[in-house]
Amino acid sequence: MNLKATILVVLTTAGLIACSSSSNLDYFDSRVLPDLEVPPDLTQVDVDKSFELPTAISSGGDSTEASNKIPVLANVDSIRLEGYADFYWLSVDQPPENIYQLVKNFWSSEGFTLMLDEPVIGVMQTDWVYNKEGTGDPDASFLRRFFEQDELSASQDQFKTRIARDSETGASQIYISHRGTTYAHTLSTRANEDSAGNEWGFRASETELEVEMLSRLMIYLGLDQSALDEQLESIKLFAPQATLQVDYSENESYLLLNGEYTRNWNRTLHQLERLNFEVEKADMRSGLSGDGVMLVNTDIDVSVKVSSFFSLSSEVETVKKQIYLIFEEETDTITRISMETIDGDIDNSPEGVEFLTLLYGYLK
């Protein structure tokens with residue numbers, strides 16, 4: 001390289017250095033300032049850069065558990081256990097349409113299947129749950145257990161839930177009634193040859209099971225155990241009063257129940273469900289009088305005369321007796337329950353009096 005070429009390279013390099021050094025170099029003096037202070041009336045927002053997919057999406061959109069999962073009530077303070085003696089229910093400050101699916105999911109979580117599911121009328125009923133039982137004494141000898149008449153026995157339980165709307169507040173009242181059956185196999189011997197066999201029969205309803213299921217439902221809806229225990233302790237246990245009256249001048253038997261009208265109505269309906277009587281009609285306030293009417297189908301056989309169009313004579317036919325229960329609000333604290341025939345007359349039949357006496361035994 002000659003002298004002229006060397007001088008040209010030196011000048012070009014110096015020019016480039018001069019151009020680069022002429023740029024703004026103030027960023028060398030920059031520094032990190034403290035974060036801006038949040039005003040007192042605002043709160044700092046925690047920013048989470050991670051994004052969590054919903055369960056239904058992350059599992060491919062085919063998650064049965066996610067689709068059936070219903071959130072619990074937002075305000076669990078609105079759940080109250082109310083009742084007395086052998087009659088309890090839940091009061092929830094939500095309309096029945098917001099409660100029904102929650103209660104339905106509750107029975108599913110408890111392992112029950114529903115044989116009746118009627119959201120329009122707010123009624124659901126579980127299938128029978130079979131409980132196998134053996135001899136009462138597990139330490140008994142083989143011969144003793146073999147000859148025990150109740151060695152082969154079992155029981156079944158069923159629960160019916162009714163969700164009613166409070167006519168004044170629009171809130172929900174949840175009633176759970178229990179029905180139970182028992183089964184006993186009697187070994188055949190010469191002494192009991194005629195009565196041996198297998199037989200299912202209804203047993204008395206258990207209030208304890210109803211309260212237990214109501215308590216579990218409260219926990220399912222979001223109430224904590226300590227709050228539930230306080231409510232159970234605060235319930236006043238006193239025996240409700242009912243009297244069986246007879247008006248000899250009218251030849252009429254009727255019941256007088258102490259307490260508020262709506263409570264007496266629901267309690268009577270509750271007992272009929274326990275006793276497995278079919279209530280074909282239930283109108284709490286009907287007609288101009290505002291009296292309540294229940295049409296109950298009983299298992300009592302009665303003979304009625306049926307006239308034929310083609311025959312001048314009447315024929316006798318055996319049918320199941322129907323009883324009309326009439327509810328009258330005599331005062332704010334007394335409800336009268338009387339019986340009428342299908343024609344509106346006083347029902348003073350022996351079968352009717354027997355039914356009313358049976359009902360009194362469970363309401364007194």
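Tutor: Start with one term: contact here means heavy atoms within 4.5 Å. Keep in mind too that this is a predicted model.

Student: Ok. Which residues of α4 and α6 meet?

Tutor: On the α4 side they are Leu102, Val103, Asn105, Phe106, Trp107 and Ser109. Their partners in α6 are Met213, Arg216, Leu217 and Tyr220. By type, the residues of this contact of α4 with α6 are seven nonpolar, two polar and one charged.

Student: At what angle do α4 and α6 pack?

Tutor: Helix α4, residues 96–109, packs against helix α6, residues 207–220, at an angle of about 110 degrees, and the axes are 10 Å apart. That angle makes α4 roughly perpendicular to α6, because angles of 65 to 115 degrees count that way.

Student: And is the crossing of α4 and α6 left-handed or right-handed?

Tutor: Right-handed, as α4 passes α6.

Student: What else does α6 pack with?

Tutor: Helix α7, residues 225–234, packs with α6 at about 145 degrees, with axes 10 Å apart. The crossing of α6 and α7 is right-handed. From α6, the residues are Val211, Ser215, Met218 and Ile219. From α7, they are Gln225, Leu228, Gln231 and Leu232. This contact of α6 with α7 has five nonpolar residues, three polar and no charged.

Student: Let's go to other helices. How do α8 and α9 pack?

Tutor: Helix α8 covers residues 261–274 and helix α9 covers residues 350–363; they pack at an angle of about 110 degrees with axes 10 Å apart. So α8 is roughly perpendicular to α9. Arg267, Thr268, Gln271 and Leu272 of α8 make the contact with Phe355, Leu359, Tyr362 and Leu363 of α9. Sorted by type, the residues of the contact of α8 with α9 are five nonpolar, two polar and one charged.

Student: I also clicked isoleucine 323. Where is isoleucine 323 found?

Tutor: In strand β13, residues 314–331. Isoleucine 323 counts as buried, because its relative accessibility is 0%. Not counting residues up to four places away in sequence, isoleucine 323 touches Met294, Leu295, Val296, Thr298, Met339, Asp347, Gly352 and Phe355. Isoleucine 323 and glutamate 340 are 17 residues apart along the chain, and their C-alpha atoms are separated by 6.9 Å.

Student: What about tryptophan 200, buried or partly exposed?

Tutor: Partly exposed, because tryptophan 200 has 38% relative accessibility. Tryptophan 200 sits in strand β8, residues 197–203. Beyond four places in sequence, tryptophan 200 touches Tyr130, Ala154, Ser155, Gln156, Thr181, Thr182 and Tyr183. As for threonine 181, it is 19 residues from tryptophan 200 in sequence, with 6.5 Å between the two C-alpha atoms.

Student: And serine 286, where is that?

Tutor: Serine 286 is in strand β11, residues 278–286. Serine 286 is buried, with a relative accessible area of 16%. Apart from residues up to four places away in sequence, serine 286 touches Asp291 and Val293.

Student: What about asparagine 276, what is its phi?

Tutor: Asparagine 276 has a positive phi of about 65 degrees, although it is not a glycine. Asparagine 276 lies in the loop between α8 and β11. Asparagine 276 is partly exposed, with a relative accessible area of 35%.

Note on methods:
Residues are numbered from 1 along each chain as its sequence is written. This is a predicted model: local features need pLDDT of at least 70, side-chain atom pairs count only at pLDDT 80 or more; totals for chains, interfaces and linings use all residues. Side-chain values use heavy atoms; hydrogens and water are left out. Axes are lines fitted to C-alpha atoms, for helices over the stretch in contact, and angles run from 0 to 180 degrees between N-to-C directions. Helices (H or I, at least four residues) and strands (E, at least two) are DSSP runs, numbered from the N terminus. Angles under 35 degrees count as roughly parallel, over 145 as roughly antiparallel, 65 to 115 as roughly perpendicular and the rest as oblique. A crossing is left-handed if the near helix is turned anticlockwise from the far one by less than a right angle, and right-handed if clockwise. Ala, Val, Leu, Ile, Met, Phe, Trp, Tyr, Cys and Pro count as nonpolar, Asp, Glu, Lys and Arg as charged, and the others, Gly among them, as polar. Buried means under 20% relative accessible area, exposed over 50%, partly exposed in between (1.4 Å probe, protein chains only).
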